[in-house]
Amino acid sequence: MRDITTRIAPPLPTTAEKLKFYGMWVGLALFLLVLPKIFASGGALTTFCLIGISIIFALSYNILLGQTGMLSFGHAVYYGLGGFLAIHAINYFGGHKWPIPLPLVPVIGGATGLFFSALIGWVMTQRSGTAFAMISLGLAELIASSALILRSFFGGEAGVSANRTKMFRVFELSFGPQIQIYYLVAAWTLIAIIAMYALTRTPLGRMCNAVRDNPERVQFVGYDPHVVRYLAFCFAGMFAGIAGSLAAINFEIANSAYLGAVQSGTVLFAAYIGGIGFFIGPIVGAIFVTVLSIGLSDLTSVWQLYFGLFFIGVVMFTPGGLTGLMMMHRPLWRAGMLTKMLPSYLLAGVPTFAFLTGIMLAIETTVHYTAHPNEDPNIRAFGIPFNATSPLTWSAAVLLIVVGFILARITWRRVAHTWDETLTAARAKVHPL
Amino acid sequence: MTNAIELRGVEKTFGVTKVIQNINLKIAQGERHALIGPNGAGKSTTFNLISGYMRPTTGSILLRGEEIAGLRPFQINRRGLSRSFQVTNVFANMSVWENLRCAVLWATGQRYAFWKNIDNLPEVRERTAQILEYIHLADRRDMPAGLLTYAEQRALEIGITVAGGADVILLDEPTAGMSHAETERAVELIRRLTEGRTLLIVEHDMSVVFGLADKISVLVYGQIIASGTPEEIRGNAKVKEAYLGEEAA
C-alpha cells in the first residue's frame, strides 16, 4: 500500500524545498526588520503601518471572497468593532493600571471580531451568493448607523480616542514613537499572514475551496457547506478584528468610519485589484491601493474617481487582478521568452498612454468647470499645468482620446496575437513533445 | 438480513403533480440493482429522495433498517450512502488530486480540522492515491478537473462517489454520453469499485443494465411496475408493453 502513495501521490516537499519555503518566511521577517532602516522618515513609517493593517484586513476578506466564495459588503463591521473594543481596552487597562502591555491589545481586537462574527455568522452563512451579499450589506448599514446613535460606546461623530502610551510598559517601550508602532504592526502582520496561509493548507481550508467551487457536491462527500462557510466567516471576522485594533492603536482613535460602507468597499477593492484567486493577491492589492490612495490624493482632487475607473478596468480586463497578470507571464518567464513580448507591449503602451492622458485631461477640465467655474483656469493636475478654458486643451483631449483609442485597439490585437504565438513557443520549449 | 435500502410507500408531489407514487423497493446488501424506465419516469427524483437532496412527501426510506427520510444529504452520506450525478458535478477549479482528497477527508475523520496540515495526513494521501489509481487518472493528477475530457470527468465523478468508502453507492447514468469503448471501460470500473458494496444504478444503456445488474426495477410514471432478475424483467409482459416494447419499435 505504501508504494501506491509514493508512486501516485504528489511528492512530499524535499528538504531543499522545505528550506526554501521556511527561508522565504525568514526572509520576509528580516525584510520587515530592516525596512525602517532604509526608509526612516515618519511619513514612510506611517505608510508602512497603514499597509500592514490593510494587508491583514484584505487577507481576512479573501478568506470569504477568494477562498470560500462569499461576497461580503460588510466586512468592516468586524474591523470596526475590533477597533472600538481595542480603544476601550487601552483606556480601561491604562486607567486601571492593569499589567497588560499594548502589543497584546490586538488579541482583544481578534477576540471581538471572532465573537461578533460567531454571533452573527450562523444566520448569515445559511446561504451564499446574492442572499449573503444582501444580508451583509444590510447588517453593515445597521451597525454603522447604530454607531452614531449609541454614543456612550461609539462616541458619536467624534469617535472614541485613547492614549496608547498610558499602558503598562515592558522593556521600557512607551509606544509613543512611530517606529515602535511600526514594529508592533509588522510583527502582527507577519503572524497574521503566516496564520492565514497555514489555514489554507488545512482540511478546513481545502473544504472552503470545495464549497466555493461547488457547495452542492460538498454535501455529498459528508460536509455541511453551512458549517464550512460559518467557520470561514469566524476566521475572517477574527483577523479583521486584529486589523481593526491595529488601526485603532496606530491612530489612537476609533470612529464610525471604521465600520462604514467605505471601509467595506475599500477592502473589496484591495482584494479584487490584487487578485482573489491567489493567496498573495490581497497582499499585492493592499500595498497597491494604500500607496495609490496616499499618492493620488496629493496629485488630484478627484482621486476616488480614478480609483473607481481603475477598479472597473481591472474587473473588465484582468479578472485575475494584478497577481493574475503576473502569474500569466510565468510560463514565458520560465522559458526565458518574456523579452519577446516587450516590443509589442511598448507599441501598445504608447497609444494606451495617450488615450489615458486624454481621459485625464477631459476629467480634470470637466471637474474644474463643474466644481470651481469662477476660479483661475490655469490649473495643475498630476503636477502638469494647463489652461482649463482653452479650446486647445479640449481639442487635445478629444484628439488624444479618439486617436489613442483607435490605435490602442489595433496594437492590443497585435499583442494578443504575439501572446498566443509566444505562449505556444514557450510551452513547447518547457515541455518538448 | 436487513436490506441495504428499503423504500416504503414513498411519494413525492410538486404542487399538484405526483412525481413519485407509492414506491416500495427493497435492495439487499451487496446487490447490484438497476433502475430503468422512460424519460421523466422519476428515476432521478427517486435518487434525490434517497440521497436526501429532496424530502419525500410521505413514506419512509430505510438505510440498513434506519430511517433516513428527511435527513440532510451530508448526514446520509456520513451513514455510508454516496451518490453520483447525471450531470458531471465536480470541483472544477481544483485539481483531480484535490477533488478526490476532498471526498476522502470526512471518511478519514478530519472533519473541520483547522489545526492539521493537509499534506501531513498519511491515511488521506494513501486513500486518495488508491482511488486515483483505480479510476486510471494518475497522469491527470495535477490537472484542474474542469479541463478533463468528458469521459475522464465521468470517471472522476465515480471516483469522488466511492472515495469516501460508502458501502451503498448510487450512480445516476454513469455512462451517459460515452462512446462504446468508453462505456465498456466505465462498466469495468464500476464493477470493480462496487465489489462487495450495494449498488443502485440508473441507466439507459440496456447492455450496461443487463450486463451489470443482479436485479432490475422498472419505473414508469412514478410507479414501479416490475422488479426482478434480468430474466424475469425480459419476460415480463407489462414491461415489454410499457418500456422495452417502445424501445424495440
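Strand β4 (residues 58-63) of chain B runs antiparallel to its partner β5(B), and two bridges link them; strands here are DSSP E runs of at least two residues, helices are H or I runs of at least four, and both are numbered from the N terminus. To count as paired, two strands need at least two bridges found by DSSP. Within this pairing, Leu63(B) has Glu66(B) of β5(B) as its bridge partner. This is a predicted model, where local features need pLDDT of at least 70 and side-chain atom pairs count only at pLDDT 80 or more, while totals for chains, interfaces and linings use all residues. Residues are numbered from 1 along each chain as its sequence is written, and chains are lettered from A and ligands numbered from 1 in the order in which they are written.

Zooming out, β4(B) and β5(B) belong to an open sheet of four strands, ordered β2-β1-β4-β5 in chain B, with antiparallel pairing. At its edges sit β2 (17-27) and β5 (66-67) of chain B, each pairing on one side only. Helix α1 (residues 43-50) of chain B packs on this sheet and touches β1 (5-14), β2 and β4 of chain B, with its direction at about 65° to that of β2(B). That angle is taken between N-to-C directions on a scale from 0 to 180 degrees, using axes that are lines fitted to C-alpha atoms, for helices over the stretch in contact.

Next comes strand β9 (residues 215-220) of chain B, which is mostly covered, with five of its six residues buried. Buried means 20 or more other C-beta atoms within 10 Å of a residue's own, these atoms being placed from the backbone. On the parallel side, β9(B) pairs with strand β3 (residues 32-36) of chain B over four bridges, and Ile36(B) stands opposite Val218(B). With strand β10 (residues 223-228) of chain B, the pairing of β9(B) is antiparallel over five bridges, and Ser217(B) stands opposite Ser227(B). The hairpin of β9(B) and β10(B) has two residues between the strands, and Tyr221(B) there takes a positive phi near 50°.

As for how the chains meet, the contact takes 42 residues from chain B and 29 residues from chain A, with contact meaning C-beta atoms, placed from the backbone, within 7 Å. On the chain B side, α2 (73-78), β6 (81-83), α3 (96-105) and α4 (122-134) each supply at least two residues. The largest share, seven residues, comes from α4(B).

Notes: A residue is buried if 20 or more other C-beta atoms lie within 10 Å of its own, exposed if 12 or fewer, and partly exposed in between; C-beta atoms are placed from the backbone. Two residues are in contact if their C-beta atoms, placed from the backbone, lie within 7 Å.
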